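User: I want to go through this model label by label. Set each term against its definition, then conclude.

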There are 2 protein chains.
Amino acid sequence: MTSTVNKTAHPFDKPRLEALLNRRFFYAPAFEIYGGVAGLYDYGPPGSSLQANIIAEWRKHFIVEEHMLELDTSIMTPAPVFETSGHVARFADWMVKDAKTGDVLRADHLVKNVLEARLAGDREARGLAAAPPTEDKKKKKKAAKTTAIKLEDEVVAEYEAILAQAGALPLLLYPLQARRSGPLDNYSGADIWELCRKHNLRNPDTDNEVGEPQLFNLMFTSSIGPTGQHPGYLRPETAQGHFLNFSRLLDFNNGRIPFASAQIGRSFRNEISPRAGLLRVREFTMAEIEHYVDPEDKRHARFNEVRDVKVVLLDRHVQEAGKSSAQEITIGEAVDKGIIANETLGYFVARIYQFLLKIGINPQRLRFRQHMANEMAHYATDCWDAEIHNSTGWTETGHPLVVRQALKEPIVFEREVAEWDKKTLGKTFKQDAGVIQKTVEAMDQEQLVKVKGELAQGKAVITSSEGKQFELSPEVLTIERKTIKQSIREYTPNVIEPSFGLGRVLYTLLEHSFWSREQDVERGVLSLPPLVAPTKVLIVPLSAREEFDPLVKEVSSKFRKAGIFARVDDSNTSIGKRYARNDELGTPYGVTLDFASVQNRTMTLRERDTMDQRIGSIDEVVGVVTDLVNGNIEWEEACQRLPAYDGVQAIE
Amino acid sequence: MTSTVNKTAHPFDKPRLEALLNRRFFYAPAFEIYGGVAGLYDYGPPGSSLQANIIAEWRKHFIVEEHMLELDTSIMTPAPVFETSGHVARFADWMVKDAKTGDVLRADHLVKNVLEARLAGDREARGLAAAPPTEDKKKKKKAAKTTAIKLEDEVVAEYEAILAQAGALPLLLYPLQARRSGPLDNYSGADIWELCRKHNLRNPDTDNEVGEPQLFNLMFTSSIGPTGQHPGYLRPETAQGHFLNFSRLLDFNNGRIPFASAQIGRSFRNEISPRAGLLRVREFTMAEIEHYVDPEDKRHARFNEVRDVKVVLLDRHVQEAGKSSAQEITIGEAVDKGIIANETLGYFVARIYQFLLKIGINPQRLRFRQHMANEMAHYATDCWDAEIHNSTGWTETGHPLVVRQALKEPIVFEREVAEWDKKTLGKTFKQDAGVIQKTVEAMDQEQLVKVKGELAQGKAVITSSEGKQFELSPEVLTIERKTIKQSIREYTPNVIEPSFGLGRVLYTLLEHSFWSREQDVERGVLSLPPLVAPTKVLIVPLSAREEFDPLVKEVSSKFRKAGIFARVDDSNTSIGKRYARNDELGTPYGVTLDFASVQNRTMTLRERDTMDQRIGSIDEVVGVVTDLVNGNIEWEEACQRLPAYDGVQAIE
């Protein structure tokens, strides 16, 4: 018998959410007192805890449960690595400079914003009702002011064609698909320059002309060591750290495929003009998985465990037909019908879905969108984006879930290598020579090192698989450590890359969690699930008076021992105000210590969303909260264990 | 009744440990296949998991238990921040260049290595028995070859004086104490240049002369944004991120002190010639705490909880007396006697001690060393280093635990500010004017915003602390948001900085955990505590035959549900070899599934250090392992719950 809560009494109000996040220090522009730097943010206590909790769950959900191989690799990277990978040549955006002020704009944004503003002005001049302004459009209007000027019909058609082509997406600049796809990716610099001149595209902020587009590499540059002779880059993604360690990882996994490596870490992109809050930043934490799979066998051993998981898919055919209605379907059916190409891809779609739901993403606003054939790189067989809806539209959570060829670069590594004096071998061992060779070839690196050691002592004894022993001398066999460059493997594993930009997920989760009380729009609430909520329970003594101290300490200590992260708020303000503050912080539970607590050792328990209040003995309440936070019970059951509080004192 | 284990049968063998760590991919030089880069390392699966487990425990031990305010701030930092803080001018080492090859050397290392090598050569020439070579000395000998040449007596005395002075430590170059103190810090560039010329100090690798010492700033430089006009640095420590957010943190804490902020993150130092493995690297993860305390009141609310913790202290007086024997003492006594300056400092010494023990550091090799008066910056009242002993000697774990003044830079922030028309105020309210002013002055920012809103509507009603109400008009009071630059606070909090360089702690922990089996020196073991061990239990089926599959899945799933990180090793090698491999990986427990398991649903349990084997039903063994890993029982108790395994089959 819990209270009903209307979370949609008020429409979503982004400025109100942003004010809350800033006021409560979820995050804030970094270096604010130095004027700030676009695209750099500091996470405060609730944001950091929320992020840490999401990461902990990600680690549990993916690394621990799937037995992935975790990595933590260098951010600072010597230039040759990114020269080989193609990042130095192609990890870039087109930029244009304002001819007078020197301000720099992203070329694709310029084209899109100016043309859209002109089309909007045209519609206004024609007296056409504008489409209801979405959050998205509001933002663009800000970027390029609309003036009501009518355009020629053919000009309108031309603009629309350019924008449609821009929307139809990419020949990606960066072939490894690591670069997020943006509009106008199928335009070259010359094409964009042509557009600027033909349509007189100017910087909307100053109305000045712009110069010829130039490629701007998005990697931050640096220099390693004191001589200045070793240029370096900050990695723009963590993937290289996985691929460069592939041989070691394969060894670690006893030479077997499939397996996955996983890494959580910072990456850096020197965005030209970052503007969208946490959605596009210059420094970000990623959680990346590389799952290596045999291209001939993409079954997944645990596929049956997810077969019945229902997800929302927006597949290629639906998009081609111009429909936007996605279908709800089980993963099993989607793979059986060939909508998702194989079990492994389907397995990860399901696991990502489960993870995002677990941390509190609204399933109604989560879908998987298949890439169109022309969006995919040539090597990709199938590609899906996990997209979450927020006030800017559908936003990718990270890299697309694409099957791609790994190891496009030659692998260079060191190996113990056996070399035979074939002549001596034949002479000495006659018909056994073949068995001997096979036996040594079957040895792993460790065994070779052992044999090498024995040879250094004068002789090595080896045992064939049939149990026959042979004594080898250094004249017959030498074992040497060699550098090997290998561009063809027996097979090249395919790679599936489920990756999250944590800032994007975190911000969208905050949007999904935010609502205002029906009776008072100013009272914002973040309904974060206990699993990820920064603080699990607030301890609220009636006042900061000393008589409450022993109880506050006792309750704190009990929660600490139960492993529940609690905070005390004994600030000098009403209990209602303290609860309101913690609604904004997303704290799911609150316990109040008052004079009754001192007398009877009872405590009231308040649930954030419903504001329900229950009462019980201190130990009972601690037990119920522990069960709630650990996900053993829901609030309904808590209400069965604790009677409603009918206190004389109305505390909200 | 457990087997006795002799962990010190073989002396510590560093190359053997290093080979193990590399072979098992705890960590490896980064970009190895591109030739590597000094001072950059990649952590492989066991190293990453170990690090993640240490961090999780750190977060629990400090952030959660002490209610610290967590932060996650930007690494990329605009130049003005580090200009103000003094890092641009002073976060530097002296370097010298080889006059012919251009190779760069750290000036202090050059002086120290060359002089020590000459003194060693002198001792050899004089036929004096060299001191037994410690690991430390071996390393230095490698750096500068010793030749047996006798020196004049006065030259010996002079060299010894230089080295003694170098050892006596610093006028730190970097006054905020963030720069680790190094030898020769009390020499200026001119002094070092003078030394080089007077004593003909040459590059020991080439015997070439060196050029004049130059300051080399250790911060990696970069450039933010596309214009190239905004230089940036990668932070060399996380402290600035704390201090820049101090006002927000104080607000978050309801304006109260003491409180602590905490942050785990990467920092970067462009070391001139990093050489000591994980102990001195160019990119590292730090866990930093800044605890802000009232300089007039350094008591700590939870001091009594640690009063009886015994630690080993090497205090100033013992060092002055030239003794190196540290004393074991309780924290309570140390503070009572004034050996440790105050409760807060003592509290953190105890908590650090508890943390390091929990993760497996050997208490015999852990001490706290007090800085000598001349080691401390002028503002410091007391300063302690947590030092852990490893094969290179006593190594600081991170920053010293120093009390320092925070906020040496002026704070700039925005605030709602009340401004009065004093004339109108006096005229209107007469003798109440003072009460009214006091009432508004006592308001916090939220209340001021509320009053501001009411004033915008025409009037605001305020209530004095005596309950008297006054109606104010915009003519009397205006409230405006203003940028405030403040260099003096009511008081400047002192800061205590307990900080860890995680790589150092991790490497030293690996050293403390490493030993070889008495019967076979080749069989290395890492006795990591279950709390931090990368994998908690290894599941070993007798072979990869299909008949074991259902059991392997069942046991895996049971451990997964119990929250225990398990791995299966069904590789095609003997069970003994698989256990040996996992001894190297530090996995504390192993369970074996054999034909008896299939028939009787039993499993054997093996303990890593003792190699004891017990047997029980699958569920019993899972239960015992869960209790062991969660720290509820010790191995002795496990042996009471499970009988010894007297299997026919000897599996090691």
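Analyst: A92(A) stands opposite N217(A) in β7(A). The model is predicted: local features need pLDDT of at least 70, side-chain atom pairs count only at pLDDT 80 or more, and totals for chains, interfaces and linings use all residues. Residues are numbered from 1 along each chain as its sequence is written, chains are lettered from A and ligands numbered from 1 in the order in which they are written, and side-chain values use heavy atoms, without hydrogens and water.

User: How do you know that strand β5 of chain A and β7(A) pair?

Analyst: Two strands pair if DSSP finds at least two bridges between them. β5 (residues 92-97) and β7(A) share 4 bridges, in the antiparallel sense. Strands here are DSSP runs of E, at least two residues long, and helices are runs of H or I of at least four, both numbered from the N terminus.

User: Why do β6 and β7 of chain A count as edges?

Analyst: The open sheet of 3 strands runs β6-β5-β7 in chain A, with antiparallel pairing. β6 (104-106) and β7 (214-217) each have a single partner strand, so one side of each lacks a neighbour in the sheet. Neighbouring strands are turned by 50° against each other on average, direction ignored. Helix α5 (residues 107-125) of chain A packs on this sheet, touching β5 and β6, and its direction makes about 75° with that of β6(A). Contact means heavy atoms within 4.5 Å.

User: What makes α2(A) and α13(A) roughly parallel or antiparallel?

Analyst: Helix α2 (residues 45-64) and helix α13 (residues 343-358) of chain A pack at about 150°, with axes 11 Å apart. Angles over 145 degrees count as roughly antiparallel, under 35 as roughly parallel, 65 to 115 as roughly perpendicular and the rest as oblique. α2(A) is therefore roughly antiparallel to α13(A). Axes are lines fitted to C-alpha atoms, for helices over the stretch in contact, and angles run from 0 to 180 degrees between N-to-C directions.

User: Which residue classes make up the contact of α2(A) with α13(A)?

Analyst: Among the residues in contact are W58(A) and F62(A) of α2(A), and R351(A) and F355(A) of α13(A). By class the contact has 5 nonpolar, 2 polar and 3 charged residues. Nonpolar means Ala, Val, Leu, Ile, Met, Phe, Trp, Tyr, Cys and Pro; charged means Asp, Glu, Lys and Arg; the others, Gly among them, are polar.

User: And in chain B, why is α2(B) called roughly perpendicular to α18(B)?

Analyst: The axes of helix α2 (residues 45-64) and helix α18 (residues 502-513) of chain B cross at roughly 110° and come within 11 Å. That angle makes α2(B) roughly perpendicular to α18(B). L50(B) and I54(B) of α2(B) are among the contact residues, as are L506(B) and L509(B) of α18(B). The contact divides into 7 nonpolar, 2 polar and no charged residues.

User: Why do you say the copies meet through the same surface?

Analyst: 96% of the interface residues of chain A are also interface residues in chain B, so the surface is the same.
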